[in-house]
Amino acid sequence: GLFPMILSQLYLELKMYKDEVNNIYSSKYNCDNIIGKSPAMHNLRILARQAAQGNTTVLITGESGTGKELMAHAIHQASPRSRRPFVRVNCAALPENLLESELFGYMDGAFTGARRGGKPGKFELAHHGIIFLDEIGDMPLSMQAKLLIVLQEREIERLGGTKPTRINVQVIAATNQHLEEKVKEGLFREDLYYRLNVLHLYMPPLRQRREDIPLISQHLLKKINQRLNTHIHSITPGADQVLMNYDWPGNIRELENMLERAIIQATLHEDGELKKEHFPFLSGRENKSHAAGETPDILPGTLNDAVEKLEKDMIEKTLRQTNFNKTHTAKLLGMHGSVLYRKIKKYQIAE
């Protein structure tokens with residue numbers, strides 16, 4: 001009868017979610033993370049809320065680092081689907097054969113090396129939620145054809161399967177490529193482009209909304225402080241000016257990177273705010289010669305080296321302040337005692 005059928009359906013759904021319990025699919029950002037007072041950002045927030053209320057397919061375009069994924073998260077958070085999964089697929093990262101089984105899943109024994117019992121695809125996992133197809137411009141043509149059918153029929157069929165499964169998902173796609181150009185070149189299907197481009201959100205690059213840079217920097221400052229356990233409270237007007245004068249080819253991602261380097265600089269110099277001189281890369285100054293024992297402005301090596309140098313300096317400084325009381329030092333630095341011991345050993349800090 002009907003009851004055993006519902007029960008077996010529930011059992012299958014439960015198994016599917018358990019299978020994927022290691023991947024908790026949820027969104028991390030909301031509309032408040034779409035920062036900016038520029039007219040473009042004001043309009044984007046309105047459109048994002050519109051996108052969140054319908055089941056409309058959304059296409060987000062914009063250069064690398066402009067926050068396309070953040071926008072997709074924000075739409076999910078604002079939508080009635082927010083308690084359901086948010087599943088991201090990077091269309092550029094997977095070779096064609098894997099992309100298909102990743103998106104649509106496969107049945108038991110569909111191919112050599114297939115997992116026993118089969119595996120649900122990302123569309124099945126996103127059931128009742130949102131699937132975010134990132135870098136859609138890189139999807140191979142044969143996959144584009146299959147995706148088009150899924151969008152039209154709202155059904156998927158697992159590899160090696162015989163019966164289609166109904167799916168209820170909202171699709172958000174993103175790309176940093178000009179899809180119209182790709183359509184003209186025959187690299188992107190025109191019918192799929194129209195099917196995706198129902199509601200189009202364009203994320204403007206930073207150089208087109210310079211007035212938003214101080215606001216974004218302020219927001220990122222808090223975030224980086226938490227991550228590095230640093231305490232830089234503000235950015236001087238001079239530093240803001242330097243940031244607003246730069247073109248940011250890497251957009252918000254590049255800005256965050258640059259701020260992280262500046263925060264490390266400032267902390268090493270025991271400054272509580274970010275000043276112009278903490279951005280030597282941007283202000284066009286030549287790196288001055290330094291008095292012996294002073295920290296050079298441009299730290300050699302990678303960001304990781306700089307973070308480690310900052311960490312070592314802060315631990316040494318705090319140990320001296322507390323007369324090498326490790327419990328007190330750990331508390332001041334906001335880290336667990338055992339972590340502090342590990343770091344002291346790692347950096348070979350001697351009393």
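Helices (H or I, at least four residues) and strands (E, at least two) are DSSP runs, numbered from the N terminus. The structure is a predicted model, in which local features need pLDDT of at least 70, side-chain atom pairs count only at pLDDT 80 or more, and totals for chains, interfaces and linings use all residues. Residues are numbered from 1 along each chain as its sequence is written, and side-chain values use heavy atoms, with hydrogens and water left out.

**Overall make-up**

- The protein has 15 helices and 11 strands.
- Of its 351 residues, 44% count as buried; buried means under 20% relative accessible area, exposed means over 50%, and partly exposed lies in between (1.4 Å probe, protein chains only).
- Contact means heavy atoms within 4.5 Å.
- Among contacts with a separation of 6 or more, 73% are between residues 24 or more positions apart.

**Salt bridges**

- Side chains of opposite charge can pair when their charged atoms come close.
- A salt bridge is a side-chain nitrogen of Lys or Arg within 4 Å of a carboxyl oxygen of Asp or Glu.
- The count by this rule is 20 salt bridges.
- One of them joins R189 to D191, with the closest N and O atoms 2.9 Å apart.
- R189 is partly exposed, because its relative accessibility is 31%, and D191 is also partly exposed, at 35%.
- D313 and K309 form another salt bridge, with 3.3 Å from N to O.
- D313 and K309 lie 4 residues apart in helix 13 (residues 303-321), so about one helical turn separates them.
- K309 has a relative accessible area of 34%, which means that K309 is partly exposed.
- Helix 13 also holds K312 and E316, which are 4 residues apart and therefore separated by about one helical turn.
- The closest N and O atoms in the salt bridge of K312 with E316 are 3.8 Å apart.
- K312 is partly exposed at 29% relative accessibility, and E316 is partly exposed at 24%.

**Helix packing**

- Two packed helices are described by the angle between their axes and the distance between the axes.
- Axes are lines fitted to C-alpha atoms, for helices over the stretch in contact, and angles run from 0 to 180 degrees between N-to-C directions.
- Angles under 35 degrees count as roughly parallel, over 145 as roughly antiparallel, 65 to 115 as roughly perpendicular, and the rest as oblique.
- A crossing is left-handed if the near helix is turned anticlockwise from the far one by less than a right angle, and right-handed if clockwise.
- In describing contacts, Ala, Val, Leu, Ile, Met, Phe, Trp, Tyr, Cys and Pro count as nonpolar, Asp, Glu, Lys and Arg as charged, and the others, Gly among them, as polar.

*Helix 2 with helix 3*

- Helix 2 (residues 39-53) packs against helix 3 (residues 68-78) at an angle of about 55°, and their axes are 8 Å apart.
- Helix 2 is therefore oblique to helix 3.
- The crossing of helix 2 past helix 3 is right-handed.
- From helix 2, L44, A48, A51, A52 and Q53 meet M71, I75 and A78 of helix 3.
- The residues of this contact are 7 nonpolar, 1 polar and no charged.

*Helix 4 with helix 6*

- Helix 4 (residues 96-104) and helix 6 (residues 141-153) cross at roughly 15°, with axes that come within 10 Å.
- Helix 4 and helix 6 are therefore roughly parallel to each other.
- Helix 4 passes helix 6 in a right-handed crossing.
- On the helix 4 side are E96, L99, E100, L103 and F104, which meet S142, M143, K146 and V150 in helix 6.
- The residues of this contact divide into 5 nonpolar, 1 polar and 3 charged.

**Two buried threonines**

- T175 belongs to strand 8 (residues 170-175).
- T175 has a relative accessible area of 1%, so T175 is buried.
- T175 and D138 are 37 residues apart along the chain, and their C-alpha atoms are separated by 8.3 Å.
- Apart from neighbours within four places in sequence, T175 is in contact with I60, T61, G62, K68, I136 and G137.
- T57 sits in the loop between helix 2 and strand 1 (58-61).
- T57 counts as buried because its relative accessibility is 7%.
- Not counting residues up to four places away in sequence, T57 touches R154, V171, R195, L196, V198 and L199.
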